[in-house]
Amino acid sequence: MVNLTINGERIKVPKDYTIMKAAESIGIKIPGLCHVDKIHKFGSCRICVVEVEGARTLQASCLAKVNEGMVVSTNTDKVRKARRVLYELLLSDHDKDCLSCTRNTSCELQELGDTLGVVETRFDGEHSEYNLDSSVAITRNMSKCVLCRRCVTVCNDIQGTGVLNAQNRGFQTVIGTAMDLPIGTADCVFCGQCTVVCPVGALKETDGIRKVWEAFSDKKKRCVVQAAPAIRVAIGEEFGYEPGAQVTGKLAAALRKLGFDDVFDTNFGADLTILEEGTEFLTRVKTALTGGEATLPLITSCSPGWIKYIEHTYPEKLEHLSTCKSPHTMLGALVKSFYAKQIEADPKDMFVVSVMPCTAKKFEINRNEMKNEGNANVDAVLTTRELGQMIREAGIDFDSLEDREFDNPLGMSSGAADIFGVTGGVMEAALRTVYELVTGRELPFEGLHVTPIVGLEQIKTAEFKIESTLPDYKFLEGVVVKIAVTSGLSGAKILMDEIESGKSEYHFIEVMGCPGGCIMGGGQPRSDDPDVREKRLRGIYSEDESKVLRKSHENPSITKLYEEFLEHPNSHISHDLLHTTYTKRGKFNEYVDEQYMVDEVSSMEKFNDNEEEMQKNIEAGKVAAERAHERLESVRVLALEAEVNRLKQELSDSAETVDILKEVMGDNAKKPKQKE
Ligand code: SF4
Ligand code: SF4
Ligand code: SF4
Ligand code: FES
């Protein structure tokens, strides 16, 4: 422990504390912008400066560690002035159109200005101009970036993807991809973790809301929605509830009130995944144990960020992936086949929306592999944050909503499906079914929880011996099954390197792209609660424990679906609708043909401005020049196409605005004139 004085108060704190943390322990919150507990490491904003007796300069309190006898002042004139000047300098090169910014009212920069009491800015000089870079999943607007570098830390140190880095120096510094490639053509996996930590409107999910409102206005469309397991313990946060609050009934009610014709549950797709993936696992193990050739370990495939990561980073190892589509695309495929047939609708007239905790799902639905008979399985993805926005926009009072149920036939689910939302959940759900199928007995863990794989550690492993099997599964008698679970892509890298070097001892691996699993997905509400992960995790497990049905194979709606439509798990029709293939990409997308890349980039407004910079980089030979030239050409074409589309949209918006104005003016004209 260390003794020190803060603002005249003597305190004792652990010696690894920073000054900021020590101050916090006596109820003093030092303002800052770049600091995030356990993530930050750069100390780039300096807003958190304090005076330390004997030090020549002001100290960044989020970095400086406490010392024995230290005397700190957090609130002197000098400190306050320094913070204001730093803040004003930040604003001097910031695109300040708050009223039309997605972060308006949830912006840490705005909040900081309020905390510091800044009412005017004195500096106004040269402004950095950057192009809007919008892919199907992530949109970057560097004119709003405050260079805090949180995204750089998350992308490099937590996810290990290394897509974002600080480029150039001084006033020219910008956070971007190598070669300044548009994010949609880089090896970004669209996990969205950078959008969660970005304090301002510089990084965000690409808008899905507009498409959904448009579908509602199209009278020909039947709008069908589904919500992922992790939404039910997080959407409440958008309306002031604690993280982890279970608001499943209100969620279903809000979706119905928004105007969806059918409100289904992605949990149904999760139960179905267990039947399909469990069967695939047993088939592969049987083949391997009976002298055939089968690729093991089998790796789960429901996290699209993880899928894109393996396609870029381990393109030769795709055969380890389960062929199962993710639960929401499975459900989407069923809506446009099984359900369309039931209600005698044309699948082309159905508009399927998935509410997901994940930005990568916006990319996933655009994959060529996620179509059946030319129809996309899912037409739009909304993140949890976007759903919150839509509910507010529609004026729905979330708090006063009466609980509702999801609709049948695709709405019933087991507790096993709920736990898809946390790391370890897919594996546990699969084991609840597979173990019982093989032995005829329940999984031998208290409360059906496979304790070694419950929790938030990066990699969790377990093994168990299969004994007294049922006659059909004699090939598994005495086999010790080894499993591993990881969340976050740095953990996935460790397990994949073992596979690549032939040292992996596992039969089955679960990988989730975001640290903690979907509860901490890139589309979930931003939270400053340090215990948010634990709270959402507890919410998910208590949802599971509150259900009568806890195992996927006990879900009667799933049994009925197989009887009436799919026949049996891994049947021919199941393979057609519920299974998929993958795309070999490579670090620089070197295996992907350009046409496919075009599908993945939605707009490249004003991208032409950056050509000169790209040319310079090409000449410097930073990546294979030939390939870069090809990319540049395709980017130019894309930029032109995007510009044409944007102008068309602008024209149609203007025409619409004129119509609206005419209507408003007309209304006014009809109003009786007020007496003077
Ligand atoms: S990022 Fe914040 S300060 Fe900047 S325009 Fe958006 S809301 Fe305003
Ligand atoms: S979405 Fe993920 S991979 Fe892409 S830049 Fe952000 S953190 Fe990196
Ligand atoms: S993009 Fe956002 S998180 Fe990244 S440096 Fe800029 S402001 Fe910070
Ligand atoms: S919060 Fe300490 S340097 Fe930014």
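**A friendly note on this structure**

1. Let us start at a loop: P297 sits between α8 and β13 (298–299). This is a predicted model, and in it a cis peptide bond links L296 to P297, with omega at about -5°.

2. There is another proline to look at. N408 and P409 are also joined by a cis peptide bond, here with omega of about 15°. To find P409, go to the loop that runs between α12 (384–393) and α13 (415–418).

3. One backbone angle deserves a glance as well. L147 has a phi near 55°, which is a positive value in a residue other than glycine. L147 belongs to the loop between β7 (138–141) and α4.

4. Now for the overall layout. The protein is divided into domain 1, covering 2–90, and domain 2, covering 209–578. Between the C-alpha centres of domain 1 and domain 2 the distance is 44 Å.

5. Which residues come nearest to ligand 2? They are C155, T161, C188, C191 and C194, out of 14 residues around ligand 2. Two elements, α4 (150–158) and α5 (193–197), each give two or more residues to this shell. The shell around ligand 2 has 10 nonpolar and 4 polar residues, with no charged ones.

6. Ligand 3 is surrounded by 14 residues, and the closest are C145, C148, C151, C198 and A202. In the shell around ligand 3 there are 12 nonpolar and 2 charged residues, and no polar ones.

7. Turning to helix packing, take helix α2 (residues 77–92) and helix α3 (residues 108–116). They pack at an angle of about 150°, and their axes are 11 Å apart. Because angles over 145 degrees count as roughly antiparallel, α2 is roughly antiparallel to α3. The crossing of α2 past α3 is left-handed. On the α2 side the contact uses R83, R84 and Y87, and on the α3 side L112, G113 and L116. These contact residues divide into 3 nonpolar, 1 polar and 2 charged.

8. Helix α8 (residues 266–289) packs against helix α14 (residues 425–439) at an angle of about 60°, with 9 Å between their axes. That angle makes α8 oblique to α14. Here α8 passes α14 in a right-handed crossing. From α8, the contact draws on I274, E277, G278, F281 and L282, while α14 supplies A429, A430, T433, V434 and L437. The contact of α8 with α14 divides into 7 nonpolar, 2 polar and 1 charged residues.

9. How does α8 lie relative to α10: roughly parallel or roughly perpendicular? The angle between α8 and helix α10 (residues 327–342) is about 100°, and their axes are 8 Å apart. Therefore α8 is roughly perpendicular to α10. T266, F268, G269, A270, L272 and T273 of α8 make this contact with P327, H328, M330 and L331 of α10. The classes here are 6 nonpolar and 4 polar, with no charged residues.

Notes:
Residues are numbered from 1 along each chain as its sequence is written. Chains are lettered from A and ligands numbered from 1 in the order in which they are written. This is a predicted model: local features need pLDDT of at least 70, side-chain atom pairs count only at pLDDT 80 or more; totals for chains, interfaces and linings use all residues. A residue is near a molecule or strand if its C-beta atom, placed from the backbone, lies within 6 Å of it. Helices (H or I, at least four residues) and strands (E, at least two) are DSSP runs, numbered from the N terminus. Ala, Val, Leu, Ile, Met, Phe, Trp, Tyr, Cys and Pro count as nonpolar, Asp, Glu, Lys and Arg as charged, and the others, Gly among them, as polar. Axes are lines fitted to C-alpha atoms, for helices over the stretch in contact, and angles run from 0 to 180 degrees between N-to-C directions. Angles under 35 degrees count as roughly parallel, over 145 as roughly antiparallel, 65 to 115 as roughly perpendicular and the rest as oblique. A crossing is left-handed if the near helix is turned anticlockwise from the far one by less than a right angle, and right-handed if clockwise. Two residues are in contact if their C-beta atoms, placed from the backbone, lie within 7 Å. Domain bounds come from an automatic or database domain assignment.
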